[in-house]
Amino acid sequence: MPKAKISALGCYVPPQVLTNSDLEKLVQTSNQWILERTGISERHIAGPEMATSDLALNAAKAALAQRGIEASELDAILVCTVTPDMLFPSTACLVQHQLGAKGAWGFDLIAACSGFVFGLTTAAQLVISGSHKKVLVIGADTMSRIIDYTDRTTCILFGDGAGAMLVEASEDDSAGFMDFLNEIDGSGGAYLNMPAGGSRMPASIETVGQRMHYVHQDGQQVFKYAVRKMYEVSRDLLARNGIAPRDLAAMIPHQANRRIIQATADRLGVDPDRVMINIGRYGNTTAGTIPLATQDAIAAGKLKKGDVVLFVAVGAGYTVGANLWRWAY
Ligand code: UT7
């Protein structure tokens, strides 16, 4: 049975930056409140000419360039997103075409902030099965398109960005995919959602007027669930693989709130030096956070070949995902 390894990573954020002081001019908030309660200083926002497939495409090109392969070598493209360019065709189809990935199939995967972890799990299974050699997993979200910039409880949190990892077949037993522990819990649907625009509540003048095409969130409920579940799945996944928290080279969590990450890492007993936090510069880019944080972990010298890395996320749904990998390059 082949192993699945992560062999390349590419990321992209749009150039425009929205700072906390910019937000002070839009809603009643303060730089100090945002920093203290979330850890965020700034986030990147896509210009009107860009959509999620553009962010995804740039990240995909960077990953392929790093690996030095052509798009035609890809077997599949998974785009994890809750902000597709449109409901159909899928963003995976748009990216496949733009990239010229003639031999690839693919699909969009909706798991909100756990999207990238679910995508990595899926790609690993496709590769381990022997049916796929190269699967590109892209996490891309243009959250600014579904954020209500009159709602101070949500607009301070989110940003736009994308990242892509190439998952490919390998014979090397010393690196690659180890295990996953993913869950969904639909009882959490009420606490974080975008109510309109689907078959339940199609777009109408009323839904637009009632601001139903934006993210609605009960922040405290999501916060408490995230801390509990990120801890529980991490603990259980590590335990069943015989890995102590101190054996982790890096814990790379979804970046929703610095306090959620710190509380989780603290309960788990992971050394703060090994916990990747870059929410300050990007905010919550939904499916983009984990590749963006991995890129910064590599740049900071926190990931070397053979190191054990834990990816963990909680998102709307609720969705919960944890993956263990040995880093491969
Ligand atoms: O990836 C999953 C996506 N979402 C999340 O993970 C979000 C998880 N939740 C959170 O990160 C936090 O709950 C928030 C950052 C959203 C809110 O922080 P909090 O510490 O839970 O604040 P809170 O909701 O308890 O509100 C405390 C106070 C309230 O005022 P009163 O009622 O005490 O007078 C809010 O109205 O802070 C107020 N507030 C703000 N003040 C200044 C809420 N948002 C703001 C703001 N600026 N932006």
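Which residue in E7 is the bridge partner of Lys134? It is Glu168, and this briefing shows where that pair sits. The model is predicted, with local features needing pLDDT of at least 70 and side-chain atom pairs counting only at pLDDT 80 or more, while totals for chains, interfaces and linings use all residues. Residues are numbered from 1 along each chain as its sequence is written, and side-chain values use heavy atoms, leaving out hydrogens and water.

**The sheet**
- Strand E6 (residues 134–142) runs antiparallel to strand E7 (residues 160–170), and nine bridges join them.

**Two domains**
- The domain assignment, automatic or from a database, gives domain 1 (3–173) and domain 2 (177–326).
- Their contact (heavy atoms within 4.5 Å) takes 53 residues from domain 1 and 46 residues from domain 2.

**Where the domains meet**
- Two salt bridges (a side-chain nitrogen of Lys or Arg within 4 Å of a carboxyl oxygen of Asp or Glu) are found across the interface of domain 1 and domain 2.
- Lys305 and Asp172 join their side chains in a salt bridge, 3.0 Å from N to O.
- Among the elements giving two or more residues to the side of domain 1 that touches domain 2 are E1, E6 and E7.
- On that side, H5 gives the most, with eight residues.

Definitions and conventions:
Two strands pair if DSSP finds at least two bridges between them. Helices (H or I, at least four residues) and strands (E, at least two) are DSSP runs, numbered from the N terminus.
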